[in-house]
Amino acid sequence: YGSILSAVLGAALLAGYLLLRDVHREAETALMRSHFVASVSHELKTPLTSIRAHAETLLMGRAGSAETTADYLKTIVSESERLTRLVDSVLEFSRIEQGRKTYHLQATRLDDVVRSAAKTMEYPLAQLGFTLTIASDGTAPILLADPGALTQAILNLLGNAMKYSGEARHIELRTGTRDGEAFVDVVDHGIGITRDDQSRIFERFHRVQSNETAGVAGTGLGLPLALHVVEAHRGRIAVESQPGRGSTFSVRIPLQVQA
């Protein structure tokens with residue numbers, strides 16, 4: 001009877017522990033989803049407010065000069081593209097969650113993808129005073145890839161670098177081949193990431209909580225979506241970072257053809 005009682009108690013304790021763990025996870029997920037909704041609402045409101053303010057100024061004829069008018073129009077276009085990227089990210093996440101995400105693979109020059117991402121972010125970077133340098137090792141790798149999806153993954157990493165650059169205003173993109181893989185390194189010189197946080201930054205909805213990140217807006221989807229795209233290309237993302245010394249996110253994808 002003693003052995004049976006011990007077994008029953010052990011099973012009950014284990015069941016209780018598993019139940020509490022599941023409840024804790026559900027509560028944590030619900031809290032993260034709540035933060036996600038609030039973050040998305042904020043991320044939507046910011047560019048919408050900017051678009052409306054600039055459009056109203058133009059409508060009332062208060063721009064003052066052709067140069068100012070052009071700058072206002074560039075801002076409207078840039079903020080509209082920012083909204084599109086945010087909505088696309090949410091839709092992509094939904095498709096991934098439902099298992100409906102597909103990729104259309106074709107021969108793709110990695111350098112073209114990197115230049116496309118840099119071009120898209122050119123005006124937002126300039127608005128915030130960033131300089132972006134692109135360096136290639138000259139190997140010009142060609143991948144079997146979905147160019148649109150891969151561009152979006154790099155855009156997510158660039159956006160992440162912008163958000164967490166702190167006072168630094170220089171971001172680097174490095175491309176080429178290394179150890180039989182094509183690579184894209186996205187390098188910032190910002191606030192960095194602690195070792196503990198590095199293990200969780202690719203979790204959906206997760207955002208690093210610190211004094212340095214308190215005022216940084218975001219949805220917690222950029223890095224998980226980038227990782228999903230890269231893994232769909234049989235690749236991986238490596239992270240090297242130290243607090244206060246910036247971060248390097250390195251996309252590695254198996255090399256298909258080298259030009």
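## Contacts across the chain

Among contacts between residues at least 6 apart in sequence, 72% join residues at least 24 apart. Keep that figure in mind as you look around this predicted model, since several of the pairings below show how such links look in practice.

The chain has 259 residues, and 41% of them count as buried. Its secondary structure consists of seven helices and eight strands.

## The five-stranded sheet

Five strands make up an open sheet with mixed pairing, and their order is β2-β4-β5-β7-β6. At the edges are β2 (131-136) and β6 (236-241), each of which pairs on one side only. From one strand to the next, the twist averages 15 degrees.

Helix α3 (residues 110-120) lies across β2, β4 (170-178) and β5, and it runs at about 170 degrees to β4. Which residues of α3 are buried? They are L110, D111, V113, V114, A117 and A118. These residues are on the same side of α3, because they cover an arc of only 160 degrees around the axis.

## Strand β7 and its two partners

Eight of its eight residues are buried, so β7 is largely enclosed by the rest of the structure. Both of its faces are covered: S247, F249, V251 and I253 are buried on one side, while T248, S250, R252 and P254 are buried on the other.

One partner of β7 (residues 247-254) is β5 (residues 181-188); the two run antiparallel and are joined by eight bridges. Within this pairing, V186 stands opposite F249, and D188 has S247 as its bridge partner. The other partner is β6, which pairs with β7 in the antiparallel sense over six bridges. Here E240 has T248 as its bridge partner. β6 and β7 form a hairpin with five residues between them, and in the turn G244 has a positive phi of about 80 degrees.

## Around F249

F249 is a handy landmark, as it turns up in several relationships. Its ring and that of F202 have centres 6.3 Å apart and planes at 75 degrees, so the pair is edge-to-face. The count of aromatic pairs comes to one.

Leaving aside neighbours within four places in sequence, N160 is in contact with L223 and F249. N160 and F249 are 89 residues apart in sequence, yet their C-alpha atoms are 9.9 Å apart in space. Is N160 buried or exposed? N160 counts as buried, because its relative accessibility is 16% and the cut-off for buried is under 20%.

## Two loops with positive phi

Most residues other than glycine have a negative phi. D179, in the loop between β4 and β5, has a positive phi of about 55 degrees although it is not a glycine. R234, also not a glycine, has a positive phi near 60 degrees, and it lies in the loop between α7 and β6.

How do these two residues stand in terms of exposure? D179 counts as exposed, at 73% relative accessibility. R234 is exposed as well, with a relative accessible area of 58%.

## Charges over rings

To finish, look for two places where a charged end sits over an aromatic ring. The charged end of K101 sits over the ring of Y103, 4.9 Å from the ring centre. The charged end of R178 sits over the ring of F183, and there the distance to the ring centre is 3.8 Å.

Technical notes: Residues numbered from 1 in each chain as written. Predicted model: local features only at pLDDT ≥ 70, side-chain atom pairs only at ≥ 80, totals over all residues. Heavy atoms only, no water. Pairing = 2+ DSSP bridges. Helix = DSSP H or I, 4+ residues; strand = E, 2+ residues; numbered from the N terminus. Axes fitted to C-alpha atoms, helices over the stretch in contact; angles between N-to-C directions. Contact = heavy atoms within 4.5 Å. Buried < 20%, exposed > 50% of the residue type's maximum accessible area, 1.4 Å probe, protein only. Arc of directions from axis to C-beta. Phe/Tyr/Trp six-rings, centres within 6.5 Å; stacked < 30°, edge-to-face > 60°. Lys NZ or Arg CZ within 6 Å of the ring centre and 35° of its normal.
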